[in-house]
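Please open the model in your viewer and keep the selection tool at hand. The tour below moves from one selection to the next and says what is found at each stop.

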Amino acid sequence: MSEAPSMSAAPETDLAAVQARRIAMMNRGLARRKAADRNFRLLGFVAVAFSGLMLLLLLINMTSAGIGGFQRSEVRFDIPLAGAMQIDAERLTQPDPLGGLELAGLPKVVENAAISAFGPDAGNMLADGAWREVAETLIADPSKLGGTIKVSLPVSDALASAQRGERDPVMQEVARKLVAEGKLVRSFDKGFLSRSDATSPQSVGIWGALKGSMLTMFVTLILAFPVGVLSALYLEEYAPKNRWTEIIEISINNLAAVPSIIFGLLGLAVFLVIFPNLRSAPLIGGMTLALMTMPVIVISGRNAIKAVPPSIRDAALAIGASKVQVVFNHVLPLALPGILTGTIIGMARALGETAPLLMIGMRAFVATAPSGFTSPSSVLPVQIFLWSDEIDRGFVERTSAAIVVLLVFLLLMNGLAIYLRNRFEKRW
């Protein structure tokens, strides 16, 4: 009788041990899941932090290198104009005042003033065409013709290189002396944003390529956006689901992954054959980039249209709306934010493309900004590519500055697109 309690207690002890083991296993599994969740969050944070760090390093590197590109070497001296030229102030208000100043001897006056200020070798110190900046000053204020003006003119490439510690020791010594006297300085080049391409890094500007990019992107947008959106609407709302539709969908998906240079070859073989006189024009560049951008807009547009709840369509049809009214008054406004997101991605890709534009000839040396969509032009990515191939270090600095301008242009374009996306965004 004394053994009965021990026999009944044994199953209870075994059951408690089993329950304890189960609880321990559950706790270990829970700990593993929590550890996995914690590790995944940590991994995601590290990935985001690494991406942000790389972006920050890129921006810091481009900004630090680009600061020098927004500057140029200049010499400061006085130019006496009283009695130096026989030209009336009223002549500066007539057509072609620059030609009048050149005929009146302004280039020689500037050269003589430089020689008086820096010695007999000063004629080689100024950049070619430096007198034009003096001419622009006089055209803006003709009253300065009768006195002495203080100018700050760009120097030659040799003296600019010597100031950076390059070239021969003799020229470097000249540069150091002028810097010590305060006559040779590095100052902000306001004309970098208003001039076009040139053969000297002291005289180049980004406006010609920037305007070419604007015109090219405008042509790309007005061609790719409406065609891409209408194609997405048709394929998603109207096209029958058959084999031909599947072939079209597969073709569009494949076009979105085609290398950009293939579109350049297409533009070379088609557009330049039809319009042989428009080589390197923004119109041809925009048409070529539109072909590359359209598949991206079609794919993103279809995904945005699919995301619109079917109840929106059913409700509109239930109150008597036609198919066209449903699509354009209900589906399209709700899908527009997603469509604009795809458009942002496509346009950003097109803005940075170089290969297709090189194929259609937009790598020509263009010293003036384009006057229209059919004028010869370059674009920012091609301009950066051409400057990066130059040996002179001055062009390297200008290249970094052009990259900064391209990034700012991209941010402004994306900012406008994001504003429009948020402006038209609707919730249901």
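A residue counts as buried under 20% relative accessible area, as exposed over 50%, and as partly exposed in between. Keep in mind throughout that this is a predicted model.

Side chains of opposite charge can pair when their charged atoms come close. The structure holds 15 salt bridges, and one of them is found by selecting Arg-72 and Asp-189, whose side chains meet at 3.7 Å, N to O. Because Arg-72 lies in strand β1 (residues 71–80) and Asp-189 in the loop between β3 (184–188) and α7 (207–238), this pair ties together parts that are 117 residues apart in sequence. Are these two residues buried or exposed? Arg-72 is buried, with a relative accessible area of 5%, and Asp-189 counts as buried too, at 2% relative accessibility. If you extend the selection to Glu-74, Glu-133, Arg-195 and Arg-398, you will have a network of salt bridges that links these residues with Arg-72 and Asp-189.

Select Lys-150 and Asp-78, which form a salt bridge whose closest N and O atoms are 3.4 Å apart. Lys-150 belongs to strand β2 (residues 148–154) and Asp-78 to strand β1, so that the pair links distant parts of the chain, 72 residues apart. Lys-150 is exposed, with a relative accessible area of 71%, whereas Asp-78 is partly exposed, at 37%.

**Last stop: two crossing helices.** Show helix α8 (residues 243–256) together with helix α10 (residues 282–306), and look along their axes, which come within 8 Å and cross at roughly 125°. That angle makes α8 oblique to α10, and the crossing is left-handed. Finally, select Arg-302 and Glu-249, which form a salt bridge with the closest N and O atoms 2.9 Å apart. Since Arg-302 lies in helix α10 and Glu-249 in helix α8, the pair ties together parts that are 53 residues apart in sequence. Arg-302 counts as buried, at 11% relative accessibility.

Note on methods
Residues numbered from 1 in each chain as written. Predicted model: local features only at pLDDT ≥ 70, side-chain atom pairs only at ≥ 80, totals over all residues. Heavy atoms only, no water. Axes fitted to C-alpha atoms, helices over the stretch in contact; angles between N-to-C directions. Helix = DSSP H or I, 4+ residues; strand = E, 2+ residues; numbered from the N terminus. Parallel < 35°, antiparallel > 145°, perpendicular 65-115°, else oblique. Left-handed = near helix turned anticlockwise from the far one by under 90°. Salt bridge = Lys/Arg side-chain N within 4 Å of Asp/Glu carboxyl O. Buried < 20%, exposed > 50% of the residue type's maximum accessible area, 1.4 Å probe, protein only.
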